[in-house]
Amino acid sequence: MEIDNLANTEKAGELFGYPLMIKSKRLAYDGRGNAVAYTKEELPSVVAALGGFDHGLYVERWTPFVKELSVIVARARDNSVSCFPVVETIHKNNICHIVESPADVPDKIKKLAVDIAQKAVKSLEGAGVFAVELFLTKDGQVLLNEVAPRPHNSGHHTIESCYTSQYEQHLRAILGLPLGDPSMKTPAAIMYNILGEDEGEAGFHLAHQLMGKALKIPGANIHWYDKPEMRKLRKMGHITIVGPSKNVVKERLDSLLERETPGSHGVVTPRVAIIMGSDSDLPTMKDAAEILKNFGVPHEVTIVSAHRTPERMYSFASSAKERGIQIIIAGAGGAAHLPGMVASLTPLPVIGVPIRTSSLDGIDSLLSIVQMPKGIPVATVAIGNAANAALLAVRILAAGDADLWDRVIKYQDDLKDTVLTKASKLEAEGWERYLNL
């Protein structure tokens, strides 16, 4: 609501309630030109702090949001529209500080955010890139905050993380070229703004120290804007870190900033969980742990019984993705319900390992695991072959992890070399000498 005198400002306060956000119409960005009145009595001083009514002011109802989201929308000259993935923006002193892509919100929230962003852009004129900033409320509403008709801080990560960056997309749009693919080419990215920590040379020194540390971080990319003057909280550049999962890039940022992730105590987040119904399954399941260890894949090993600890199974499965787990390997014998029950509780891929039993030699376990109803898939390996379960998990992860992909190729080459070496020895020595007969 526009305000031009104290009376209609007080009326807006009665209508919207307090706290009340008051904004300047012009030159308001990064927290500048915004002020909050917490009571009716504060209105005169807040208005004065923003330059008075002659400066051009308006008010907004206060929004108690739980997350800030952003969608970069590109519109071409032929009115075709393309959206980059929804991201979460984290602010420091009202300035964008960190951007996480993709946003850690349910798919229905992402779809709602994209729908609102597209409607907002369609209500405006012009071709090019638009940044649509949104509020996510506790009750699941997505509210439009503002639209910036330009490449935006919340889209800087696209330079490294997407097939088409926001800058290339902007040029494609305004030149009338086909819009590029905005999807992510890496599973996760996090962008950290290099904000001035001090004035002048002291600030430059701190910024360059940070960039020096970033050079040692896997997946980190540095962008320095070469601004001639350093001021506190001024955006001087940014660092984008790409990696195989959200937890990995967060840990790399924490390492860069020399801080610990809450509760981590320096422990690397596991990407694969190995679970079993009983410790009697461990002699079999340890083979999976050994394979993952050899490939350098962080993993966890624990006991989760579908029958004896159903509450623990539910808690484990429903929280696995949030904890950074990407694949679950579940070993089970006898009734073998664990892999299927876990698969019904999480969208993560589950690989079942039938455990050999004394009664039916593992056939009962195998048949139980593979007989899953349609819509609840469980990949299943041979009886007792936990090593293959781990190798399958590694291959799934390697599809989005270049370093791991190289290790898988090397593993296959080593297998081939082993077979060829044995063949050469057999041919040279003969079968009797080969078998020491």
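Let me start with two strands: E2 and E3 run antiparallel and are joined by four bridges. One of the pairings can be named: Leu20 has Ala37 in E3 as its bridge partner. Before I go on, please keep in mind that this is a predicted model.

These two strands belong to an open sheet of four strands, with antiparallel pairing and the order E1-E4-E2-E3. Which strands stand at the edges? They are strand E1, residues 2-3, and strand E3, residues 34-37. Each has a single partner strand, so one side of each is left without a neighbour in the sheet.

Now the chain as a whole. It is divided into four parts: domain 1 covers 2-61, domain 2 covers 65-257, domain 3 covers 272-399 and domain 4 covers 402-431. If you take the centres over C-alpha atoms, domain 1 and domain 3 are separated by 58 Å.

Next, a helix. Helix H11 spans residues 363-370, and its buried residues are Asp364, Ser365 and Ile369. Why can we say that they line one face of the helix? Looking down the axis of H11, the buried residues fall within an arc of 125°, so they sit along one face. What covers these buried residues? The cover includes strand E16 (327-332), helix H10 (338-345), strand E17 (350-354) and strand E18 (379-380).

On to the cysteines. The cut-off for a disulfide is a pair of sulfur atoms within 2.5 Å. Seen from the other end, Cys162 is in no disulfide either, with the sulfur of Cys83 as the nearest cysteine sulfur, 12 Å away.

Are these two cysteines buried or exposed? Buried means under 20% relative accessible area. Cys83 has 18% relative accessibility, so Cys83 counts as buried. Cys162 has 2%, and therefore counts as buried as well.

The last topic is backbone geometry. As background, most residues other than glycine have a negative phi, and most peptide bonds are trans. Here are some exceptions.

Start with the peptide bonds. The bond from Tyr18 to Pro19 is cis, with omega near 0°. Pro19 is placed in the loop between helix H1 (6-16) and strand E2 (20-24). That is the E2 we started with, the strand joined to E3. Another cis peptide bond joins Ser101 and Pro102, where omega is about -5°. Pro102 also has its place in a loop, this one between strand E8 (95-101) and helix H3 (107-122).

Then phi. Asn79 is not a glycine, yet its phi is positive, near 75°. Where is Asn79 placed? It is in the loop between strand E5 (65-75) and strand E6 (81-83). With a relative accessible area of 56%, Asn79 is exposed.

Asp226 is also a residue other than glycine with a positive phi, near 60°. Asp226 lies in the loop between strand E12 (220-224) and strand E13 (235-243). Its relative accessible area is 61%, so Asp226 is exposed.

Methods:
Residues numbered from 1 in each chain as written. Predicted model: local features only at pLDDT ≥ 70, side-chain atom pairs only at ≥ 80, totals over all residues. Heavy atoms only, no water. Domains from an automatic or database assignment. Buried < 20%, exposed > 50% of the residue type's maximum accessible area, 1.4 Å probe, protein only. Arc of directions from axis to C-beta. Contact = heavy atoms within 4.5 Å. Pairing = 2+ DSSP bridges.
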